[in-house]
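Student: I am new to this structure and would like a close look at one part of it. Could you pick a place where the chains meet and walk me through what lies around it?

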Amino acid sequence: MGLGRSSRARGYRLLDLPIAVRSADDVVTDALDRLFRGFASHDDTVSARRYAIERHDTATWTLTCEGASLARADTWQSVVAELLVDVNAAAVGSFSGFAVHAGVVAYDGAVVAFPADSGTGKTTMTAACLDAGFEYVSDEALCVPGDHEGGDHVVAYPRALLLTPEALSLVGSEGLTRSGIGLGDEVAVPAEPPCIRVATGNLRLAHIVRLVRGRAPARLAECPRQNGLELLLRKSFNAHEHPHARFQLASRLAGHARAWQLEYTDPAPAARLLLGLLADSQAS
Amino acid sequence: LGDEQTDHTGPNRFGPRAAHVLVSELDGDLTLYDSQRNEVHVLNATAGDIWRLLDGEHDLDEIVADLAAAYDVAPDVVRPHVVATLSTFAERGLLAEDE
């Protein structure tokens, strides 16, 4: 475990949240640079949410935020896992736009969202879609600023994918498996090439997909658009904060998107089915 | 549309729609968002038709008559469904009486 570097803080910005993470350990800082790839920032160092990861004499690792203890563990992986959880909650919680709990991928600028709760397979489906050829937007949140006219574009929040080893195995991607960083119970797959291409450019929500587990072969059925609106609102993190504006925004988004129900058992062929849909609709 | 065991002898006037309930219409389908309770209600076609008539101007008899004409069925057939749906709206805090 190298301690050769100074403990200068690394700066990142996730959505609207600037953070600074200080660690003197090379392995940790290298992991952080991979896990927060794409979020590097040198702005807002004064207002940043400040974290520190420290190794103590007894081989105990600690994570603090603004000086307050967040975690103590035997391994750096465990405290980094806690860091990711805390940073994600703070980033989504402080986002000034409309945020929906969803896995999100894109194809040629057309965004596909899987609004769903934690533990329902959205990250696994997101990973399967990346392996099938989609670009990555987020495994956590559909984020739309919606703060001005024309602000209905989707903002990428390409945090590292967090998967259980079982879910990663189910996806069956050698590339994702190889690039994963084991963090205790989960594997974090950084959003880095060649396995993951982050979507850029003008991203528009084109498809809202309800995931339903338990059917083989996979089947994709179109639904009324109001079902898409229902999903956006039910899985929203923050519609209640500005109900009139967010409801109008969600209605606009659902009105410009198609709604689907995807029934599946194996995420890999289901992802290929989705890719076929997108390729067909983009071609027509 | 709701429980048909509802008492049909209740008040003849319902609504109007509560001000805190936001409405979106997509492809003719109505979705309601209760901004106070942070709840979403997806209406089927018939419930949507009843909701549209809750303007404070139509009483129960008029709503029943309008729907019976629109669906070409007898008012007596429509009435219990309308009452049940209105009761559901009221129970869920979607009507102004509950504000």
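Tutor: Let's start with helix 6 of chain A, which is mostly covered, as seven of its 10 residues are buried. "Buried" here stands for under 20% relative accessible area, "exposed" for over 50%, and "partly exposed" for what falls in between, with a 1.4 Å probe and protein chains only. Helices (H or I, at least four residues) and strands (E, at least two) are DSSP runs, numbered from the N terminus.

Before going further, a word on the basis of all this. Residues are numbered from 1 along each chain as its sequence is written, while chains are lettered from A and ligands numbered from 1 in the order in which they are written. The model is a predicted one, where local features need pLDDT of at least 70, side-chain atom pairs count only at pLDDT 80 or more, and totals for chains, interfaces and linings use all residues; side-chain values use heavy atoms, with hydrogens and water left out.

Back to the helix. The buried residues of helix 6 of chain A are Gln226(A), Gly228(A), Leu229(A), Glu230(A), Leu231(A), Leu232(A) and Leu233(A). Let's follow Glu230(A), found in this helix, which spans residues 225-234. Why does Glu230(A) count as buried? Because its relative accessible area is 14%. Leaving aside residues up to four places away in sequence, Glu230(A) touches Arg210(A), Val40(B) and Val42(B); a contact means heavy atoms within 4.5 Å.

Two of those names lead us across to chain B. The contact between the chains draws on 15 residues from chain A and 14 residues from chain B. The size of an interface is often given as the accessible area lost when the parts come together. Here the area buried between chain B and chain A is about 1300 Å², with carbon and sulfur atoms giving 66% of it; buried area is the accessible area (1.4 Å probe) that two parts lose on being put together, summed over both. On the side of chain B, Leu26(B), Tyr33(B) and Val40(B) supply 40% of the area buried against chain A, more than any other three residues.

There is also a charged link. One salt bridge is counted between chain B and chain A, a salt bridge being a side-chain nitrogen of Lys or Arg within 4 Å of a carboxyl oxygen of Asp or Glu. Arg225(A) forms a salt bridge with Asp27(B), and the closest N and O atoms are 3.0 Å apart.

Asp27(B) takes us to the strands of chain B. Strand 1 and strand 2 of chain B form a hairpin with two residues between them, and Asp27(B) in the turn has a positive phi of about 55°. Those strands pair in the antiparallel sense over six bridges, with strand 2 covering residues 29-34; two strands pair if DSSP finds at least two bridges between them. Within this pairing, Leu22(B) has Tyr33(B) as its bridge partner in strand 2 of chain B, and Glu25(B) stands opposite Leu30(B). Strand 2 of chain B is itself mostly covered, with five of its six residues buried.

On the way to strand 3 of chain B there is another hairpin. Four residues lie between strand 2 and strand 3 of chain B, and Asn38(B) takes a positive phi near 55°. Four bridges join these antiparallel strands, and Leu32(B) stands opposite His41(B).

Finally, the setting in chain B: the elements run β-β-β-α-α-α from the N terminus on, and 42% of the 99 residues count as buried.
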